[in-house]
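Please keep the sequence and the model in view while reading.

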Amino acid sequence: MPQNQIQPLLRRPRLVILLPLLLFFLWFWTTSLFSSPPPPMASSSLDSDSNTTPSNSSAMALPVIPPAKANEQLVYESLPCIRIYKSGLVERYFGSEFTPASTDPTTGVTSKDVVIDSRIGVGARLYLPKLSDESKKIPILVYYHGGGFCLGSAYNPTFHNYFNGFVALSNVLVVSVEYRLAPEHPVPAQYEDSWLALDWVVSHADGAGQEPWINKHADFDRLYLGGESAGANIAHHIAMKVGLSGLGKPVKINGLAMIHPYFLGSNKVESDSIDPAASESLASLWKVVNPTTTGIDDPFINPFVAGAPKLDGLASSRVLVCVAGKDTLRDRGKLYYNKLKESGWNGELELREAPGVGHTFHLLFPTSEEAVAQDRAISAFLNY
């Protein structure tokens with residue numbers, strides 16, 4: 001595949017998916033939100049064990065799942081996550097719940113929602129810490145949420161609560177991007193929307209953008225990209241696209257925060273054996289969210305294959321890679337770290353592993369010792 005694969009993102013056709021969707025990553029996402037009981041799936045043993053933290057033993061209630069529609073042909077279901085019907089109807093049972101923007105009474109963090117492109121539904125939730133000096137410029141983090149390209153929302157209470165705590169700790173301005181989801185909007189729609197959001201943020205670099213919080217408080221010498229899981233995948237590809245085409249303004253990406261990145265590959269890695277069934281099902285998920293893919297060695301999901309854009313073109317001067325010790329994706333994250341280190345990329349690189357915990361554990365147990373330690377590491381990275 002030619003080096004400029006990322007550049008045609010905005011020109012690739014979109015196809016409507018009416019195929020079975022979701023197995024492994026939906027389960028991963030669920031076990032990151034619900035600690036007990038685990039979802040009724042064969043691969044549910046991994047994070048139900050690895051994400052058990054005694055000091056955070058309270059669990060959210062599982063959603064109430066209605067019966068399948070009798071007049072619709074069911075193509076796929078993964079409960080308590082999602083159902084997909086042959087007609088194209090998709091029913092999501094969690095991940096899209098809405099909580100309003102607000103001023104958090106505990107942390108003093110204020111949030112607001114902005115529309116970036118009303119035509120296609122791209123937006124963001126902004127988080128501003130309580131500032132003792134209103135004239136102070138602070139780092140800005142453009143963040144892409146995870147969810148296997150098909151679940152999650154910037155307006156979801158899980159992310160909202162997480163960012164209230166994280167922004168108070170890190171003292172950064174966060175732009176949490178709301179992008180379209182597969183299967184209604186197959187890959188590469190998520191990359192397109194994420195690029196559009198970054199372009200909107202950068203339009204404020206001269207202080208004359210439409211959003212006053214960014215104009216007043218964002219330090220564009222400390223502009224960061226980040227995300228967890230599929231969001232980390234998106235952040236990587238956006239940084240690669242910046243390296244290929246630039247940002248249109250004299251602004252650079254100062255750092256890239258890769259949290260439990262979602263990458264695949266036909267090559268086996270040790271962490272695949274943490275849950276072989278879950279690892280195998282990753283390929284099924286990817287082929288459904290991206291029906292035009294060549295498979296799990298598609299450079300979108302495996303950026304290390306021959307023909308993928310060269311990693312030394314990554315447009316970031318610093319990269320932090322966070323992995324979780326009991327995450328099936330752990331060694332894919334480590335491989336990213338090693339391949340970037342060997343590529344000739346000229347930047348500062350850091351790898352951090354949280355032992356004994358699973359994928360996106362920090363969303364399930366945000367006040368646990370390991371979650372706080374990971375957040376402190378990310379905060380230090382952003383405030384370097």
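How do the residues of the lining of the largest cavity divide into nonpolar, polar and charged? The lining comprises eight nonpolar residues, three polar ones and no charged ones. In this division Ala, Val, Leu, Ile, Met, Phe, Trp, Tyr, Cys and Pro count as nonpolar, Asp, Glu, Lys and Arg as charged, and the others, Gly among them, as polar.

**Basis of the report**

The model is predicted: local features need pLDDT of at least 70, side-chain atom pairs count only at pLDDT 80 or more, and totals for chains, interfaces and linings use all residues. Residues are numbered from 1 along each chain as its sequence is written, and side-chain values use heavy atoms, with hydrogens and water left out.

**Overall fold**

The protein chain holds 10 helices and 11 strands; these are DSSP runs numbered from the N terminus, helices being H or I of at least four residues and strands E of at least two. Of its 384 residues, 59% count as buried, where buried means under 20% relative accessible area, exposed over 50% and partly exposed in between (1.4 Å probe, protein chains only). Among contacts with a separation of 6 or more, 74% are between residues 24 or more positions apart; a contact means heavy atoms within 4.5 Å.

**The largest cavity**

Rolling a probe the size of a water molecule over the atoms shows where empty space is left. On a 1 Å grid over the protein atoms alone, a cavity is a set of points where a 1.4 Å probe fits but cannot get out, and lining residues have an atom within 4 Å of a point. Grid points are joined across faces, edges and corners, and a volume is the space filled by probe spheres set on the points. By this rule there are two cavities of 30 Å³ or more, and the largest has a volume of about 70 Å³. Its lining includes Tyr 162, Phe 163 and Phe 166, together with Gly 226, Gly 227 and His 362. Strand S6 (138-144), helix H3 (157-170), strand S8 (218-228) and S9 each supply at least two lining residues, and H3 gives the most, with three.

**Nonpolar cores**

A nonpolar core is a set of buried Ala, Val, Leu, Ile, Met, Phe, Trp, Tyr and Cys residues joined through side-chain atoms within 4.5 Å. The largest such core has 68 residues, of which Leu 198, Leu 225 and Tyr 336 touch the most other members. Helix H6 (residues 230-245) provides the largest share of this core, eight residues. Apart from it lies another core of 20 residues, among them Tyr 143, Phe 159, Ile 259 and Ile 378. Beyond its neighbours within four places in sequence, Leu 225 is in contact with residues including Leu 141, Leu 198, Ile 238 and Ala 257.

Most residues other than glycine have a negative phi, and most peptide bonds are trans. The following table lists departures from these two rules.

| Site | Feature | Value |
|---|---|---|
| Ala 182 to Pro 183 | cis peptide bond | omega about 10° |
| Val 187 to Pro 188 | cis peptide bond | omega near 20° |
| Phe 149 | positive phi | phi near 70° |
| Thr 360 | positive phi | phi about 50° |

Pro 183 is in the loop between strand S7 (173-178) and helix H4 (189-202), and Pro 188 is found in the loop between S7 and H4 as well. Phe 149 lies in the loop between S6 and H3 and counts as buried because its relative accessibility is 0%. Thr 360 is placed in the loop between strand S11 (348-354) and helix H9 (361-364); its relative accessible area is 0%, so Thr 360 is buried.

**Two buried aspartates**

Asp 272 is in the loop between strand S9 (255-259) and helix H7 (276-289), and it is buried because its relative accessible area is 12%. Its side chain reaches the backbone nitrogen of Val 269 at 3.0 Å, a polar contact being a pair of N or O atoms within 3.5 Å; within protein, one must be able to donate a hydrogen and the other to accept it, and residues adjacent in sequence count only if both atoms are side-chain atoms. Leaving aside neighbours within four places in sequence, Asp 272 is in contact with Asn 267, Ser 279, Thr 328 and Arg 332.

Asp 117, in strand S4 (residues 110-117), counts as buried at 15% relative accessibility. The side chain of Asp 117 reaches the backbone nitrogen of Arg 119 at 2.9 Å. Not counting residues up to four places away in sequence, Asp 117 touches Val 122 and Leu 196. Asp 117 and Leu 196 are 79 residues apart in sequence and 8.3 Å apart in space, C-alpha to C-alpha.

Key
1 Å grid on protein atoms, 1.4 Å probe; cavity = no way out; pocket = protein on both sides within 12 Å on 5 of 7 lines; lining within 4 Å.
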